Amino acid sequence: MDEDDDDDDDDDDDDDDDDDEDDEDGLTCDLVSPQLGIRISLSHEREPLGTAGPLALARELLTVDNEPFFVLNSDVICDFPFQEMLLFHQNHKKEGTIVVTRVEEPSKYGVVVFETDGGRIHRFVEKPQVFVSNKINAGMYIFNPSMLSRIQLRPTSIEKEIFPVMAEEGQLYAMELQGFWMDIGQPKDFLTGMCMYLQSLRQQAPERLRMGPGFLGNVLVDPTAQIGENCTIGPNVTIGAGVVLEDGVRIKRCTVLKGARVRSHSWLESCIVGWSSSVGQWVRMENVTVLGEDVIVNDELYLNGANVLPHKSINDSVPEPRIIM
Amino acid sequence: MLKAVILIGGPQKGTRFRPLSFEVPKPLFPVAGVPMLQHHIEACAKVPNMKEILLVGFYQPNEELTRFLSNAQQEFKISIRYLQEYAALGTGGGIYHFRDQIVSGSPEAFFVLNADVCSEFPLPEMLSFQKEHGEPNSFVILGTTANRKQSMNYGCIVENEETSEVMHYVEKPSTFVSDIINCGIYLFNPDIFQHIGAVFQKNQQDMLLEEPTNGWHRAEAIRLEQDIFTALAGQGKLYVYKTLSFWSQIKSAGSAIYASRLYLNQYHKTHPERLASNKEGGPKISGICAQRWSALSSPPQLGPNVSIGTGVTIGAGVRVRESIILHGATLQDHSCVLNCIVGWDSTIGKWARVEGTPSDPNPNDPYAKIDSETLFRDGKLTPSITILGCNVTIPSEVIILNSIVLPHKDLNRSFKNQIIL
């Protein structure tokens, strides 16, 4: 039920493609994935429709039958307890279920106030100044198709315009997420989420992690990656397809994307190395340094919190965090 | 016959060389693999007819100095003696105080050299120049060209272009005077003592008229530059020999690395045996078995401009550039040392990065000299060469950037732009 969601798996395109014309109203692609055994349809917004509008745009796809449908924000990582969500939703028999998760700093988010017994949602509070609750919207929902009638085909915010009404009517329920959760929209949080995911992987499917001399903690390595001698990799590292790590490399808490190369004796901590990038010899990168696609970092440099846009060549150290365009 | 006097100063001088000068007197600090003074002594010993080298300073006798002197005597087969001033007497006061020793044996001339300069030491050329210019007993200052802005940090010489006489001399003027600067290397003869003596007499009389202040001012404290050269300029006695050869002051640790580079470049001609043969960029290596490296899958990469002392251990995949690694240090696998002086017996952990910022002169300006930056600017530590004092331990995987670490420190994390006590 839970599919491959490696961070480095970004090429799902080896499936058969049915040709489709570009539909004015948004449906541009419709195919069946032989690997996954499910049908994938793409609904394309011509203009951004917010967090609710796109559901109205895809109405036809969602009302094929009268079964409830899931809605997921793509920049969220967790265990995705879909079965539990479905059971919970079917149990309360109302129109909508929101998954909530507990966080340490709720005022950074929108907070959900609900009955502990049963889960009926009373109200939402955006970025509360005083402590109201530490449960926030985890960005995953289940709805009955009937709720689509609440949404007009225009830019609409589901949190601000739809949910409060549904809550008022007693139609919205909250399910508490048990496992890990992270909003991975920012690089810093992406790395934190990656660590959580790897930890969960160790519990669910430890055989997928790479062990042995030179590997510390949770490390995920694509089978096509090449790792040199005297490297120490981990903890909390994911290595993508075709990545080359030369001799004597030390990597901690990083994501190295497909086709990247890290040359010998370099040291990386808390970094994201973009697709096909090249990191030189004796380079030190730390503090959420992010390299976009096809970035070249020359030998012996020091990058501290550098955000490097794609196709850049870096010839000077970046001792303090900044963006390189 | 000829003599040479080298002014080596004392502990109160050379404070910009701390913390390295805590362990060893600054004149003995290794530059390009040998003590700073040795370059002077080698140059003097090569001059025909050189009979004696005198070191004048106010260091207390210590083991290193004594050992250095006896080794140098044996190696260069020339008399080398240390004359200790009872107090800091200035660049002129010291030689005046020991004038009897200097003139004993009736040398026709003697060189005076400052210890903290790095130079090609064109001493024979200065001798020839002296014979061709001015009267028989004229004095010669070695000069070189600086750029306009930097010249004001040095002694400035106004030269009569036809006769090469020094017409005017000002030490560190506040406005531009001349781009010819004083290299701190002179050729005198015993007549100089008349001139210094005159200043001494005058000082004594002045002191009788004034109340003694705090003992810092003495009649015998005389500065060659301000007190003698300024007065001698334009009198037909003082001449300047300009050189195009390399020259630099060695005031700070950063300038020691720069000076090392200048000497290392010279080694191709003068001391090729001091250069490591199997590495490009000409680093000097001693005390390490080179064969051990070729057996490693990741040999270290050293250079350019690297000096490595005896008993240094270097691991696999180590990168060192523009640095001085002092005796007994250990650089563990994959570490990276750039623009740095690593103190005696220090240890740098695996994958650690120890890096400084060079203050080299602008390579596009042939007359640019190394800057003597102040330690702080706008309340922040000026980025400069990273210095590890003796017996410092840097743990694995950290970065030490633009920092100064005092001796016997055991660090436990990264540091940037700090002085770590």
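Modeller: Gladly! Chain A and chain B bury about 1600 Å² between them, with 44% of it on carbon and sulfur atoms; buried area is the accessible area (1.4 Å probe) that two parts lose on being put together, summed over both. On the chain A side, Trp282(A), Arg284(A) and Glu300(A) lose the most area to chain B, together 43% of what that side buries. A word on the basis: this is a predicted model, where local features need pLDDT of at least 70 and side-chain atom pairs count only at pLDDT 80 or more, while totals for chains, interfaces and linings use all residues. Residues are numbered from 1 along each chain as its sequence is written, chains are lettered from A and ligands numbered from 1 in the order in which they are written, and side-chain values use heavy atoms, leaving out hydrogens and water.

Counting contacts (heavy atoms within 4.5 Å), 21 residues of chain A touch 20 residues of chain B. Four salt bridges cross this interface, each a side-chain nitrogen of Lys or Arg within 4 Å of a carboxyl oxygen of Asp or Glu. Glu300(A), one of the three residues named above, pairs with Arg321(B) in a salt bridge at 2.3 Å, N to O. As for secondary structure, strand E16 (250–252), strand E22 (284–286) and strand E25 (302–304) of chain A each supply at least two residues of the side that touches chain B; strands are DSSP runs of at least two residues, numbered from the N terminus.

Technical notes: Helices (H or I, at least four residues) and strands (E, at least two) are DSSP runs, numbered from the N terminus.
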